[in-house]
Amino acid sequence: SPATASELLDSLNDKQRAAVESAPGSVLVLAGAGSGKTRVLTHRIAWLLNEQGESPFSILAVTFTNKASAEMRHRIESLVGGPMNRMWIGTFHGLAHRLLRAHHQEANLPEGFQILDSDDQYRLIRRILKSLDLDEKRWPPRQAMGYINAKKDDGLRPKHIDAGHHPMEQMLLRIYTTYQEACDRAGLVDFAELLLRAHELWLSHPHILAHYQGRFRHVLVDEFQDTNAIQYAWVRLLVGNTSNVMIVGDDDQSIYGWRGAKIENLNKFLDDFKGSEVIRLEQNYRSTGNILKASNTLIANNAERMGKELWTDGSDGELIAVFQAFNELEEARFIVSRVKQHLEQGGALSDCAILYRSNAQSRVLEEALLHQQVAYRIYGGLRFFERQEIKDTLAYMRLVANRSDDAAFERVVNTPARGIGDRTLDIIRTAARQHGLSMWRSCQQLLNEKALSGRAANAVRGFMDLIGDIDDEIAEFSLKLATDKVIQLSGLKSMYEQEKGEKGEARVENLQELVTAAGTFEKPEEAEDMSDLNAFLAHAALEAGDNQASDSEDAVQMMTLHSAKGLEFPLVFMCGVEEGMFPSQKAVEEGDRLEEERRLCYVGMTRAMQKLFITYAESRRIYGRETFAKASRFLSEIPEQHLEHIRPKTQVSQVQPTNRFTQTEKSFDATGFKLGQRVKHPKFGDGVIINYEGSGAQSRVQVAFDGQGIKWLVVAYARLQAV
Ligand code: ATP
Ligand code: MG
């Protein structure tokens, strides 16, 4: 049953209530982390529905991640007491996709258009570079990709760009142009394109825009500080002069500047929507006093701020624990031990979040968790739908849905190997380019003209027949059976079954899991008009990561600091807090990005409700090399009074930080080794001594080997060498 007005409003403070009940018009809620911005948004929607009799049909809400929109929908439904299908809640990308599906013709897209995720985009760009005869060393694909996406984020098509006389820019522009032609030919839409095209759709079709303006009387946007130019323009258009709009944001949490987000959009909004009501929330309900005060002090080091303070009437809570590790392995071990401690004290794994600066950091942490048999789930990073075998299968399905999907064609035309070599592919590509055809169509043409050698022609014909056969077969089956068919008929299953070892097994398991995913897939209401297959493919591309294998299982949550935005956890481990890692080397070098890194640190710290751990390692192997670093400057910006320093659990745990090794050196001298020293073992390779016990012939040392785990060794036998 729906919550009554007082139930809706009683759980809010005065300012929050004012925001929820604000009169029609435009409202900006500007407030720091954990002050209830998202809660205000959710309650506002429920209040509009319950108390103002608004229809769910008239509401559009934008959130930052799929996870956040699912949570918001869920909370609103529980406040309103029923399903809210007709309400549009989603990410900018998800909503733009929905619009383009509904109006694909007006948007100049084929009905079965597919989304190109960033991995596909990267591959396509590499192919474009090849077709333009450009050397990847001189023209790195990543750079071209960054250029294209940045232009799109700013709303710029090639025709809008004047490269002047800059040879570099001219070439990038040429790559952009060729890339876009290839996408258009194949009916492929990358992430940035979704937004740009949805915006253009409205600009060029005023009647469609007018329809949505009339429909969405209430537009609400969370995390507004991270909107980019095109997203802003999109919201601006939709709201027009008639809708009511509420945006919430925090300039201190703007962390996507590197991807085109503009903090200025907050001020721009105030300019564009004159007379907006501005509401500031100052009470924090999430974190303990120590965590909150530490975060406030940290962020005060930024010069460019709109300025706000947060307070809490909760207790100071525990101090922030700082752990200095010898290396990344010890850091990981420490984190896992604390997670287990929490579990032993009756806590849940899902209370714990491990946050890191870069995805590459997760591997060592994963290994430590696996080793200790602690379940974990990764948000972002290599998600289920991004794994090779899954993408292979989806590529077959995409080709079945849309023969001109060149990215899918390239991916599987010779996977499993069927004798279609690079030479044949080059012929097909060239022909496709010359005639402006998809690769599929140009294959048909080449076959008709008998332009391929006998063997190549047979192989290509075989592939095309296979796709046709799969199409015929699956037309009759449910999505689940169809997926199973694709896996079998394509030959992917037997190919991966032949791959030896755990990796091959895992791949086959993943294929199996895809069948499960297809079986449990429920077509969302907005995809009503799409075929099951198309809806599933869009889901896989758009919502990867939300649908991981074991969603119900209690697990530690792992993610980058960026993907943690908006979330909260009782225990947070922020790791790798070292100069060069966080702030990243690049940010330090470029200078102007330092403030954004500090905001990221602020975001990380303010995710913690009860306990925050900050860890760093003196040495770290990452990206294939070893680095040595000091603690991050951010750590020194936090007042000592909020910190407690935890030492490694060795016999020297009582020793002060500065002379941690001195006491042990004497007793240890007999063995010739010191704590923290790097050593070499004939079998295990290089490592660091992290602990020792005993003396004389009995003395043993504990060594953290790079990539080989941690081992106790008897010094007398171990044949360790100092390095
Ligand atoms: P962020 O900037 O990190 O996105 P936020 O401002 O959106 O944070 P919320 O996530 O909405 O903050 O709220 C933080 C926490 O405080 C949530 O657990 C929320 O339920 C709780 N909370 C917010 N307002 C109140 C209130 N008036 N009474 C009790 N709890 C509240
Ligand atoms: Mg929020």
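Where is the place of P416? I began my notes on this predicted model with that residue, and I found P416 in the loop between α17 (406-412) and α18 (422-435).

P583 sits in the loop between β13 (569-574) and α25 (585-590). I noted both bonds because most peptide bonds are trans.

I next looked up two residues for their phi values, since most residues other than glycine have a negative phi. D133, which is not a glycine, has a positive phi near 60°, and I located D133 in the loop between α6 (118-131) and α7 (141-153). I count D133 as exposed because it has 6 C-beta neighbours inside 10 Å, and the cut-off for exposed is 12 or fewer. For Q373, also not a glycine, phi is positive at about 55°, and its place is in the loop between α15 (362-371) and β11 (376-378). Q373 counts as exposed too, because 8 C-beta neighbours lie inside 10 Å.

**Entry 3, the shell around ligand 1.** I then went to ligand 1, which is surrounded by 19 residues, the closest being G36, K37, T38, R39 and Y285. Helix α3 (residues 37-50) gives the largest share of this shell, three residues. Domain 1 (5-101 + 196-283) and domain 3 (293-383 + 551-646) each supply at least three residues to the shell.

I checked the UniProt record, an unreviewed entry, whose "binding site" annotation covers A31, G32, A33, G34, S35, G36, K37 and T38. From this stretch I followed up G32, which lies in the loop between β1 (26-31) and α3, and A33, which lies in the loop between β1 and α3.

Are G32 and A33 buried or exposed? G32 is buried because it has 25 C-beta neighbours inside 10 Å, and A33 is buried because 24 other C-beta atoms lie within 10 Å; the cut-off for buried is 20 or more. Leaving aside residues up to four places away in sequence, I found G32 touching D250, D252, N284, K308 and L310. With the neighbours within four places set aside, A33 is in contact with D250, Q253 and T606. I therefore wrote down D250 as a contact of G32 and of A33.

How values were computed:
Residues numbered from 1 in each chain as written. Chains lettered and ligands numbered in written order. Predicted model: local features only at pLDDT ≥ 70, side-chain atom pairs only at ≥ 80, totals over all residues. Near = placed C-beta within 6 Å. Helix = DSSP H or I, 4+ residues; strand = E, 2+ residues; numbered from the N terminus. Domains from an automatic or database assignment. UniProt positions renumbered as here; feature names shortened; annotations may be inferred. Contact = placed C-beta atoms within 7 Å.
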